Amino acid sequence: MTEEIIHIDNEDLVGIYGVNDENIQLLRKIFSQIKLIARGNELHIIGNKTKIEEFKSFFVRLQKHYTKYNQLTDNDILYLNENKDKWDKAVLESGDNKDIILHGREGKIIRARTPNQIRLTKSIINNDMVFAVGPAGTGKTYTAVALAVKALKNKEIRRIILTRPAVEAGENLGFLPGDLRDKLDPYLQPLYDALRDMIPPQRLLAYIEDKTIEIAPLAFMRGRTLDNAYVILDEAQNATSIQLKMFLTRMGNNAKFFITGDLTQIDLPRNQSSGLLHAINLLKNIPGIEVIYMDHSDIVRHRLVTSIVNAYEANEKRKT
């Protein structure tokens with residue numbers, strides 16, 4: 001009898017073991033000639049050496065499946081076992097995957113859904129800095145975050161940094177209780193929402209705790225050099241020219257910068273002008289920087305959002 005141990009990342013335990021170790025119980029039935037004992041992040045395998053190697057080979061494929069699709073169901077395990085070497089080929093040949101960015105939580109497919117979103121996914125490959133400008137609901141932030149998570153999963157970068165100007169959208173939020181993070185979280189909530197769609201909760205928490213993923217207000221970027229990172233500035237229309245210059249000059253080696261904004265929703269005080277349009281006009285002809293303009297055809301929220309955006313724009317035109 002031989003015993004070997006497979007070590008599993010703590011943040012993947014529930015996803016791989018299943019709720020109440022349901023996946024482990026299924027694996028025990030499939031591989032009945034060996035004994036499986038789950039002890040924390042260690043999976044002990046006891047049995048014949050040949051059978052252990054067979055299981056270990058299968059378990060590598062199982063882990064790869066979970067890493068790619070962020071889910072592992074009974075059907076996934078059974079299909080992996082029944083199809084063996086055919087599995088990877090079947091996945092590659094199933095459907096048109098060109099617009100798929102990654103698989104989010106519970107296998108949710110996150111894809112570029114409009115022509116301009118597809119342009120964004122291609123642009124960040126060929127450029128180190130991309131501006132995505134357009135109305136609400138066009139998927140600017142969501143697409144950027146998905147591309148960042150994909151780059152992290154593919155180990156193209158070491159960390160993701162997400163930032164926004166801490167500017168109130170026409171409201172006086174007043175005193176907010178709690179520590180600094182509690183006070184700033186309301187401004188950064190849309191970024192958390194996108195990440196929760198794409199990364200299992202335990203893994204996301206681990207990434208945030210060890211600073212693999214950092215979410216911070218724009219002011220916290222001053223004085224830093226951001227290298228080996230995918231950096232997203234969201235709501236850039238609420239940054240002044242001085243703030244944008246400060247942010248854009250943080251770029252370090254092996255970094256990708258993605259700047260999103262909507263020039264129709266500027267929440268800065270009247271005596272301050274947005275630095276986004278100034279930055280675009282100043283930098284748009286520099287090689288390695290691309291500006292992509294989103295429009296109403298890219299709106300992927302509720303169908304009424306397009307009508308609402310059109311109505312507000314028509315009203316603004318009547319005023320001028």
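**View 1. The largest nonpolar core in this predicted model.** Here are the 34 residues of the largest nonpolar core, where V145, L195, I213, Y230 and F258 touch the most other members. Look for helix α7 (residues 140-153), too: with eight residues, α7 gives the most to this core. Apart from it sits another core, made of 26 residues, including L218, A229, F257 and A279.

**View 2. Y230 and what it touches.** Leaving aside residues up to four places away in sequence, Y230 touches I124, A144, L147, A148, A151, I157, R159, I160, I161, K256 and F258.

**View 3. An open sheet of six strands.** Read across the sheet and you get the order β8-β7-β9-β10-β6-β11, with parallel pairing. β8 (213-217) and β11 (289-293) each have a single partner strand, so these two stand at the edges, with one side of each left without a neighbour in the sheet. On average, neighbouring strands here are turned by 15° against each other, ignoring direction.

**View 4. Strands β7 and β9, with helices on the sheet.** β7 (residues 159-164) and β9 (residues 229-233) pair in the parallel sense over five bridges, and I161 stands opposite V231 in β9. Helix α7 lies across β6 (129-133), β7, β8, β9 and β10 (255-261), and runs at about 170° to β9. Helix α11 (residues 276-283) packs on the sheet as well, touching β6, β10 and β11, and its direction makes about 130° with that of β6.

**View 5. The hairpin of β4 and β5.** Strands β4 (residues 100-103) and β5 (residues 109-111) pair in the antiparallel sense, over three bridges. L102 stands opposite I110 in β5. Five residues lie between the strands, and E106 takes a positive phi near 55° in this hairpin.

How values were computed: Residues numbered from 1 in each chain as written. Predicted model: local features only at pLDDT ≥ 70, side-chain atom pairs only at ≥ 80, totals over all residues. Heavy atoms only, no water. Core = buried A, V, L, I, M, F, W, Y, C linked by side-chain atoms within 4.5 Å. Buried < 20%, exposed > 50% of the residue type's maximum accessible area, 1.4 Å probe, protein only. Helix = DSSP H or I, 4+ residues; strand = E, 2+ residues; numbered from the N terminus. Contact = heavy atoms within 4.5 Å. Pairing = 2+ DSSP bridges. Axes fitted to C-alpha atoms, helices over the stretch in contact; angles between N-to-C directions.
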